[in-house]
Each structure stands twice: as C-alpha cells, then as structure tokens.
Amino acid sequence: MRRLHAAKGDMSMGRFESKRVLVTGAAAGIGRAVATAFAAEGARLVLADINEGGLAEVAAGIEGAEILTYDAGKPGDSARMGAEAARDGLDVVANVAGIYRRAHFTETTPEDWALILQINLTSIAEICRVTLPALIESRGCLVNTASTAGIGGIAYAAPYASAKGGVITLTKSLASEFAHRGVRVNAVAPGRVATGIARGLPPVEGAKDGLSIHPVKLEGFEMGAPPELLAGAYLWLASPEAGFVTGEVQLVDGGALSG
Ligand SMILES: NC(=O)c1ccc[n+]([C@@H]2O[C@H](COP(=O)([O-])OP(=O)(O)OC[C@H]3O[C@@H](n4cnc5c(N)ncnc54)[C@H](O)[C@@H]3O)[C@@H](O)[C@H]2O)c1
C-alpha cells in the first residue's frame, strides 16, 4: 500500500465541501465517475484501487487527492487500506471496487468462489468494519455497490450474484445496527453499465439465452449506461438531502428489473 499526493485540478463549491470521501475502485469505470463527481462538489478524495497507474491518472485531475493501493483479493489488505484512510477521519465511504467472472456453475472451482466472494463481499465488509468508528465520529455514511444480479440472480455468474446479494443484506444489517449512532448505510444496485468489467472475458460455451438475464429496457441504453449516469445516485445517498434514507438499495438499471 502506498500513499501519493496528486497534482492539480479543479475544485468548486458543492454539497461535499470539506468532506473527506474514500472511493474504492476509483481507477476506472463507476468508481472513477463517482470520485470525479464527489471532487466536483468540493470533497477531499481518498482514491483506492489495485491499479496504481489508473489511480494516478484519476488523481491528476483532482486537487489534493490521496491514493491508496490495495488488493481486495488479498485477505487483510482491505482492512489495512481502510484503516489507513480512516486515520485522518472520513465522512463518506463509497465501496465500488469489484470484479465479474462467468462460467457454468458446475465448472466453478472453490478458488473462483473464494476469490469472487473475497473481492465483492468480504473486502467491503472489512472496509465497513474499520471505517465505521471514523464514520460514527463524523456522523457520516457508507454507500456500497450491489447489482441487479444481487436481487434477481444471474445465470453463469452465481458467485458474483451471491456476493452482491450479500452486499445488500450487509448494507441493511449495518444500517439497522448503526442507525442509533447516526451513520447511514445504503447501496446502489446498477444494471448494465458500459465499463471494462467484462472486457476480455471468454464467452461461456453453450450458454443458453445469452448472458444477461436482465436486459436494459430504457431506449438508447441497451448496451449499458455511461458510468457517469451512476454517480448521481451515490452522491445523493451520501448527501444531506438523503438524511432520512438508510438501509436502502437504489436500483439504477434502466428499467431492467421493472415489470
Ligand atoms: N458494469 C456493470 O454493468 C455493473 C453492473 C452492476 C454492478 N456493477 C458493480 O459496479 C462496481 C464497479 O464496476 P465497474 O463496472 O466500474 O468495473 P471496472 O472494471 O470498470 O472497475 C472496477 C474497479 O475495481 C478495481 N478492482 C478490481 N479488482 C480489485 C482488487 N482486487 N483490489 C482493488 N481494486 C480492484 C479495478 O482495478 C477497477 O478500477 C463493481 O462492484 C461491479 O460489480 C457493475
């Protein structure tokens, strides 16, 4: 794990002025869009990811951003990173990092299962655990990342869907447990988003009916929403406007799970 300080960038007044915000998965995709949107509203960013080069690139556009590299797949490293981020206090933690893999369930190895659960669920639980004392102190909030797969399940990605279902029950459990300490805990459940998460994955041979059981219904977004369209949900859940919202899972899925 390594801490760097970014160069210059643009920062304007906004809802998160002087708030310290940790965003994981900040090197790419949704996490990058979320971090950039928080920064545009005045937040002081701590950017975390396994991809140090990507982090440096994002941080170059955000004045004062700190970088923490970690491997969510390595037991213990998420807690180490989260504790490092919390050392100077935190107002918001957005857990966005994740991976997606697909295979016939009968060909899923115990190692595949363990890695996907580690990165997509256990790591988030660890980050929540070590940052909650700082969030109690600041009366801050957590925003986790689930998926439509965690609500409706998804063929050929049972470990992923199981982890995302776990993120939803983790979110609701923590919301309930920490409500009396003034900490709100919510999640965003994206549908299909146009990022690199599935880039380079081999097709599942003999897969029936394609790979997505939740096609986007909203016209123009059939190939997935741009990640920037997800950021608003994270910012709203973390903002004072959502001050009465906790234990909520906000679908942002272009109608995929509707009807
Ligand atoms: N893209 C979609 O269609 C979609 C749909 C539903 C949910 N999601 C969820 O949104 C989140 C972000 O996904 P995305 O689409 O932006 O993907 P992405 O691949 O563009 O970004 C994921 C980020 O997580 C980081 N990461 C991966 N493994 C890591 C590890 N071991 N340690 C630390 N960081 C690691 C990557 O380096 C990357 O920067 C994930 O939790 C994903 O499950 C995505």
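**View 1. Ser-18 lies in the loop between strand S1 (3–5) and strand S2.** In this predicted model, Ser-18 adopts a positive phi of about 70 degrees, although Ser-18 is not a glycine.

**View 2. Arg-139 occupies the loop between helix H4 and strand S6 (141–145).** Arg-139 is not a glycine, yet its phi is positive, at about 50 degrees. The residue is exposed, with a relative accessible area of 60%.

**View 3. Helix H1 comprises residues 29–40.** Its twelve residues reach 17 Å from the first C-alpha to the last, close to the 16 Å expected at 1.5 Å a residue. Buried in H1 are Ile-30, Gly-31, Ala-33, Val-34, Ala-35, Phe-38 and Ala-39. The elements covering these buried residues include strand S2 (20–24), S3, strand S5 (92–94), S7 and helix H7 (228–238). Just after H1, Gly-42 has a positive phi of about 95 degrees.

**View 4. The largest nonpolar core contains 44 residues.** The residues with the most contacts inside this core are Leu-22, Tyr-70, Met-81, Leu-90, Val-93 and Leu-142. At least two core residues are supplied by each of strand S3 (44–49), helix H3 (77–86), helix H4 (110–138), helix H6 (158–178) and strand S7 (184–190). H4 provides the largest share, ten residues. Apart from this core lies another, of 36 residues, among them Phe-16, Val-92, Ala-225 and Leu-230. In soluble globular proteins, nonpolar side chains tend to be buried together.

**View 5. Tyr-70 is shown with residues that it touches.** Leaving aside residues up to four places away in sequence, Tyr-70 touches Thr-24, Ala-48, Asp-49, Ile-50, Asp-77, Ser-78, Met-81, Ala-97, Ser-123 and Ile-127.

Methods:
Residues are numbered from 1 along each chain as its sequence is written. This is a predicted model: local features need pLDDT of at least 70, side-chain atom pairs count only at pLDDT 80 or more; totals for chains, interfaces and linings use all residues. Side-chain values use heavy atoms; hydrogens and water are left out. A nonpolar core is a set of buried Ala, Val, Leu, Ile, Met, Phe, Trp, Tyr and Cys residues joined through side-chain atoms within 4.5 Å. Buried means under 20% relative accessible area, exposed over 50%, partly exposed in between (1.4 Å probe, protein chains only). Helices (H or I, at least four residues) and strands (E, at least two) are DSSP runs, numbered from the N terminus. Contact means heavy atoms within 4.5 Å. The expected span of a helix is 1.5 Å times one less than its number of residues.
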